[in-house]
Amino acid sequence: AQQIQFADDMQEFTKFPTKTGRRSLSRSISQSSTDSYSSAASYTDSSDDEVSPREKQQTNSKGSSNFCVKNIKQAEFGRREIEIAEQDMSALISLRKRAQGEKPLAGAKIVGCTHITAQTAVLIETLCALGAQCRWSACNIYSTQNEVAAALAEAGVAVFAWKGESEDDFWWCIDRCVNIDGWQANMILDDGGDLTHWVYKKYPNVFKKIRGIVEESVTGVHRQVWEDDLEIPDGVAVLCSDPPLSPSRLYQLSKAGKLCVPAMNVNDSVTKQKFDNLYCCRESILDGLKRTTDVMFGGKQVVVCGYGEVGKGCCAALKALGAIVYVTEIDPICALQACMDGFRVVKLSEVIRQVDVVITCTGNKNVVTREHLDRMKNSCIVCNMGHSNTEIDVTSLRTPELTWERVRSQVDHVIWPDGKRVVLLAEGRLLNLSCSTVPTFVLSITATTQALALIELYNAPEGRYKQDVYLLPKKMDEYVASLHLPSFDAHLTELTDDQAKYLGLNKNGPFKPNYY
């Protein structure tokens with residue numbers, strides 16, 4: 001794809017050096033994936049219709065039934081949502097216009113598992129415009145905008161997703177995307193690693209023929225593989241939060257010599273970390289909490305677990321509204337950053353009795369345990385901003401002595417025998433994705449990065465990428481950022497020849513080293 005080549009000296013995607021890999025692995029525990037494509041609670045609640053989409057016979061206007069969505073009749077409404085999102089994703093549309101003539105993804109058969117929202121729909125339709133065939137499922141059971149899924153199905157994309165899927169539905173949808181006669185996926189775009197894991201374990205012959213994997217969440221890149229327990233049962237009725245079926249983690253597979261395809265770690269690119277994880281969460285944390293609880297933050301005591309990019313964004317937003325913010329951390333560097341930003345770094349057990357809100361952003365599991373929940377004060381709000389629903393031990397709350405009361409969509413009051421209640425949001429799943437929206441513009445940055453990573457991996461000459469995990473080169477990060485500058489009427493300063501020589505840089509970049 002000539003028009004999107006970056007420079008004559010375009011580097012290979014740089015592999016994580018071992019040292020950096022280890023550092024990144026430890027860092028990932030304190031910073032959550034944002035589940036980048038986030039959505040409003042869909043306008044159509046999943047309880048509207050008790051008939052499962054799996055049992056409906058639906059066809060689009062062209063007579064195709066190669067999809068499974070809540071209601072194909074919502075397609076027109078979903079199309080308007082997609083068109084609105086396109087207005088604020090100008091860089092991705094610009095990439096689409098620039099490259100659609102040469103079709104750099106012609107022949108690509110991409111199977112995807114992300115949040116299905118108006119913003120991801122713009123990405124999916126961009127990939128189709130560049131020549132790809134796409135089959136798509138959702139990486140979260142609450143994140144799908146039903147009307148958008150209907151619009152994609154009407155446009156001919158094989159999409160299998162609806163808001164409020166069961167755990168069984170979740171895996172069934174993934175399986176329907178992969179297991180189809182006469183269609184062999186050759187690229188994977190994943191968010192959280194569930195799709196990669198499913199293909200790796202259940203369809204090893206398909207996995208071996210994949211030309212590249214693009215993974216965009218820290219969960220999918222880093223979380224551990226439980227190799228001893230990875231057998232997938234014959235049926236698909238399995239819990240997506242169950243450790244034995246946790247997503248295959250690319251670095252673990254690579255280290256074990258079992259990653260037989262090159263993979264792109266988009267999560268650790270600057271355009272994902274600094275924009276999606278930080279700025280997106282800084283705005284969407286308040287949105288999600290306000291919509292669900294009407295809470296006032298001034299003077300409230302809040303504890304944020306984890307001070308990675310997501311935690312930093314959440315803390316900054318809460319502090320700005322006058323909340324008293326505590327931070328928990330395992331990493332001394334992140335902890336020191338929190339201290340210097342003016343936050344008290346504490347152990348959760350030290351403040352659990354007094355705080356009004358608990359927010360997890362770690363990417364880890366069992367951060368908030370039943371013991372913590374038992375000690376919380378009445379009406380404490382508990383929510384998660386990480387990718388998986390493992391951060392809060394929700395399972396421990398499903399016991400006979402506790403009463404669950406659904407007070408509104410995605411809001412449960414869990415009531416103790418003495419009358420104390422804890423307000424649990426989205427059943428411990430991602431708050432901003434389940435309960436609110438995230439800014440479209442920031443998703444354009446991530447989506448453009450994903451599209452370029454897919455183009456690069458798909459078109460790379462044989463041998464450029466080995467069976468390993470690669471980072472995005474800074475040249476590509478900088479290119480994505482530059483595509484978004486016109487939205488702000490921003491004008492870059494150019495180095496003089498003398499200045500470039502003094503800094504030892506090419507005038508056109510990259511301006512930062514790959515490890516930045």
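**Strands, sheet and salt bridges in a predicted model**

Me: Is strand S1 (residues 109-114) largely enclosed by the rest of the structure or left open, and how many of its six residues are buried?
Reply: Buried means under 20% relative accessible area, exposed over 50%, and partly exposed in between, with a 1.4 Å probe and protein chains only. Strands (E, at least two residues) and helices (H or I, at least four) are DSSP runs numbered from the N terminus. S1 is largely enclosed by the rest of the structure, because the number of its six residues that are buried is five.

Me: What kind of model is this, and from which number does residue numbering start along each chain?
Reply: This is a predicted model, in which local features need pLDDT of at least 70 and side-chain atom pairs count only at pLDDT 80 or more, while totals for chains, interfaces and linings use all residues. Side-chain values use heavy atoms, with hydrogens and water left out, and residues are numbered along each chain, as its sequence is written, from 1.

Me: Which residue of S4 stands opposite Gly-112?
Reply: S1 also runs parallel to strand S4 (residues 187-190), joined to it by four bridges. The residue of S4 opposite Gly-112 is Leu-189.

Me: Which are the edge strands of the open sheet of eight strands?
Reply: The order in this sheet is S9-S8-S7-S10-S11-S14-S13-S12, with mixed pairing. An edge strand here pairs on one side only, and the two are S9 (344-345) and S12 (403-408).

Me: What is the bridge partner of Ile-415 in S14?
Reply: Strand S13 (residues 411-415) and strand S14 (residues 421-425) pair in the antiparallel sense, with five bridges. In S14, Ile-415 has as its bridge partner Arg-421.

Me: How far apart in sequence are the parts tied together by Lys-202 and Asp-175?
Reply: A salt bridge is a side-chain nitrogen of Lys or Arg within 4 Å of a carboxyl oxygen of Asp or Glu. Lys-202 and Asp-175 form one, with their closest N and O atoms 3.7 Å apart. Lys-202 lies in helix H7 (residues 194-202) and Asp-175 in helix H6 (residues 167-178), so the pair ties together parts whose separation in sequence is 27 residues.

Me: In which helix do Lys-474 and Asp-477 both lie?
Reply: Their side chains meet in a salt bridge of 3.4 Å, N to O. Lys-474 is buried at 4% relative accessible area, and Asp-477 is buried at 4%. The two are three residues apart, about one turn of the helix, and both lie in H18 (residues 474-484).

Note on methods. Two strands pair if DSSP finds at least two bridges between them.
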